[in-house]
Amino acid sequence: MVRKARSRRGAVAAGAVTAMALAVAACSSGSSSTSASGATSASGSASGSASGGSGQVVHLTITDWDNGMPTVVNAWNASHPDIQVQLIKPTGTGYTLYNKLITDNRAGTNPDISEVEYQALPEMVANKVAISLGKYLPSLSSSYPSSITSLVQFQGATYGVPQNICPMVFFYRKDVFAKLGLKPPTTWAQYATDAATIHKANPKEYLGNFDAADPEWFAGLAQQAGANWWTTSGNNWTVAINDAATQKVANYWQGLVNSGVISPEPSWSTQWLTDMNKGSLVGWLSAQWAPNQFPTIAPSTAGDWTAAALPAWTAGNSTVGTWGGEAEIVTASSKHPQQAAEFINWMNNSQEGLNLLIKNVAVFPAATYAQSSSELKTPPPFMSDQPGYNTLMATAAKGVRDFQIWGPDASVTFSSYSDAFASALQNHTSFTAALGTVQNATVSDMKNAGFQVTG
Amino acid sequence: MTIAATDKRQPRAVTGGPRPRSRRRRRTNLTATVILIIGGLYCVLPALWILVAATKSNATLFSTAPYAPSLPGAFFSNMSGILTYNHGIFLRWWLNSIIYAVGGGVLSTAIAGAAGYALAKYTFTGSRVAFRIIVAAVLLPQILLAVPQYLLLAKFGLTNSYESVLLPQLVSPFAIYLCKIYAEAAVPDELMEAVRMDGGSEFRIFWSVGTRLMLPVLVTVLLLQFIAIWNNFLLPFVMLNNTNLDPLTLGLYGMLMPTGGQPNQYSLVIGGVFLTIVPLAILFLSLQRFWRIDLISGGVKG
Amino acid sequence: MTIAGRKKRSSKLPVLLVAPALVLLALFTFAPAGYAVYLSLMKLHITGGLLGTSSTQVFAGLGNYTDTFKDPEFWHSLGRMLLIAVIGVPATVILATLFALCLDANAARLTTVTRLAIFLPYAVPGVIASILWGFLYLPATSPIGGSVINYFGNRLIFFTVANVAVWGVVGFNTVVLYTALRALPRDVRQAAEIDGASELQIALHVKLPQIAPAIAMIALFSVIGALQLFNEPTALKPLTNAITSTWVPLMRVYSDAFVNNNIYGGAASAFTLLVMTVALTVGGGAVVTRLLGRQGK
């Protein structure tokens, strides 16, 4: 918790610093045409803040759960004496946090800024937690590919500044593969064959596990297959969680689980951690951030893992789904939305901010200009013997396909997925039936809340 | 009264009284001893696992036999790891737990003692109704109330603060009940009358006579409340949204939840659990003699 | 100790002494329950636009309650909780009584050490105890046969969860009963000894009836605790597919309010659970009192 209240020399000096910071941010965020408009908005907001009050420091609070954030926030505070940001690490993450944000929003006690995953953003917007950033950051979308901007824009308004992109990646034990003479599978058919080979050679080994505890993992696989769990037309929602693409994915995995070549254990359990560490699991369908996790998951296996592109449904197809990914929002409780927008624009949409994030939080930036940053030349420590790791990420990022839109109650969908699929694994029942349960739960919740839903 | 009678007996009972200790024929009750040993093992062995696991790093934690300690192992690196984790937030969690449990314990004991004394020694308008309300509240499931408490406090914007965890735990109906029945038995009306004759105010009677005589039940209630608040998970879990305010259990639990950028830290958590349980166990053992847990069952007899 | 002697010239002190307790009870026990009732009759209605341009809280009547009662999962969770209570409460009471009687037995050895050992789990918070037992149950790290016995199987899971809870509280309950035993008058026991009664007979016919009220009390508190089961299943959930997010009723309350953004449904299930808990404990207490009354206690 760093708060440095520095005395201001004068309104002009502070205004100049702010203007310079904004100009730097605007310049680094795109072409000259946008920097012109960026400069215009910079001077506009500079005069705004200058006239806003002399000798006043604006204090902002941000809720962010990532390790390594203090360094990022400290860097901003050091160079922005008039906008001081305090970092709060939330007690619970995921929907525990989001639901508290929603409930506390009614009393107006939320922090100024919060980290929010892409899949939860529509729920935040529907509950009036996130405000529109259009008037503070008009040229935001130029930094990102459309697959990313569609995650933060709804009906013409932008509600968050995207931070990172988390393409799904396949990690495998190169030593085990070498011993069995296998090459990493490039198609799902090959993956199934490899899984069988590995399990047959050693009944204690599995190529991977079906994870009922991580709905986003499954959603990412469905995205790759071409699913769109939610689609909209005008003000109408259509929900199709059990569409053909998703059923294809579910049936594929049902086959693998039924034949016993894939472990049914949930990821992150102590059983799973032991399996990964001792080599009972020799593959993991994960995402870009996995190297951050490996040192505590499977420290005994350092140096044995290699990252490869996720298997595809047809050979040569580079479409992959995502698992994770966050944006920063400005909340409706914020009394300084202008400055809050400034900060998150610096953090997620400037070379300087992104470099700090890459270095300290190990993100892979969503902003395309930052994907060739020098900070990305070195691989994460756990993958030190794969120097091209981040190049692989950049390639994977190009093939990312997310849902067209996430629903306004993804929390219900996720919790229903966990329960339905855990039950299916426990009781050896049908995955397709479980998908139906998830579909029904989502639709009835949306209808109950008043959304216009078909299907 | 039962409690007064118990008082007389208690010292003798604790020190063994007239039991045949130093006799020639000492037949050991094998059955009872064996049952106790089994019970003791059942209770201790899992806790012992924490001691063993605290010596292991993540790598050995998930690859070696559970009760095989790792020597010299990672004990010290786990200890220093948890103490330096996230700029020393573990110590902050310790401090928070003490604020909640000691602060909450002391305050709730004071409130319970005062209310119990008043209900025991005075009859005033509404005192009967008040006591009935308190007895009824004993039956209310305290843990379940955490969620409605959160919803109510959230409406007024009061969540995510020290008060939001302290205030709901300041009143324990059972503690008030205990204090009331103890005060009834232990604070004699004659003594109060004597002080009144001497010109003492009611407050003086309460402060110098009442609280002194009620000391045993106050200590018991304090320890009961301390433990209840220390172990409470759901209330801080729903009220708080800032790791700086977390008590120990909540903070350690949060370290086990992985998110994309932040792995779960089992070996550090186990180190933290070790540092939580050991002081608490020492506290219990050393304060054993001050427990008057017979007061709890004495409450039923009364 | 006469009534006349009790009633004093009126003093404001007793009211002042009781006031904080009553105010706090009103604010933090009864008001939240009342607010939960209010919320349970409401729901959120979103209108306009794709993501809702306006959301208002509207009266929902008993809709939340009917949703809860019509949901088979609610009844399943109730059943599971009752099953765990049926396993756990008798286990706690029986074990605590057994250990207390053994500690109090005339020639039992190692009582100090075992008493401390039995009390130790009370120092371990429930969530931590669950994580610890998780290591002991899962096949990969289990020293108690986890690789052979599936502790998280559909049948065993109830014993698995009950065990963690029982383990945590048996020590405290043992100590309560033990001190009750120590406080009993010695004369009846000595008379029975002189008459030649065995230790077991004394335990069953002399000691047990005399501590029956204490046993009833720990049974009552165990039941109240069992009805609010939350910590253990929540902490064990990430380890297995056997525990869902609404496995026991209090988890459902939590899930409604903190996962599914349905504070109205959560308030309804919370209040339902509240009423059921109070009814069960009052009913159970009445039954026990009747039984004890028959014994002439």
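## Strand β7 of chain A and its partners

Strand β7(A) is joined to strand β10 (residues 283-287) of chain A by 5 bridges, and the two run antiparallel; strands are DSSP runs of E of at least two residues, numbered from the N terminus, and two of them pair if DSSP finds at least two bridges between them. The model is predicted: local features need pLDDT of at least 70, side-chain atom pairs count only at pLDDT 80 or more, and totals for chains, interfaces and linings use all residues. Residues are numbered from 1 along each chain as its sequence is written, while chains are lettered from A and ligands numbered from 1 in the order in which they are written.

Within β10(A), A287(A) is the bridge partner of M168(A). Strand β11 (residues 305-309) of chain A also pairs with β7(A) in the antiparallel sense, over 5 bridges, and there W305(A) is the bridge partner of R173(A).

## Burial of β7

Because 6 of the 6 residues of β7 (residues 168-173) of chain A are buried, this strand is largely enclosed by the rest of the structure. A residue is buried if 20 or more other C-beta atoms, placed from the backbone, lie within 10 Å of its own. One side of β7(A) carries M168(A), F170(A) and Y172(A), the other V169(A), F171(A) and R173(A), and both faces are covered.

## Contact between chains A and B

Contacts link 33 residues of chain A with 25 residues of chain B, a contact being two C-beta atoms, placed from the backbone, within 7 Å. On chain A, the elements giving two or more residues to this side are α4 (95-107), α11 (270-278) and α12 (290-297).

Definitions and conventions:
Helices (H or I, at least four residues) and strands (E, at least two) are DSSP runs, numbered from the N terminus. A residue is buried if 20 or more other C-beta atoms lie within 10 Å of its own, exposed if 12 or fewer, and partly exposed in between; C-beta atoms are placed from the backbone.
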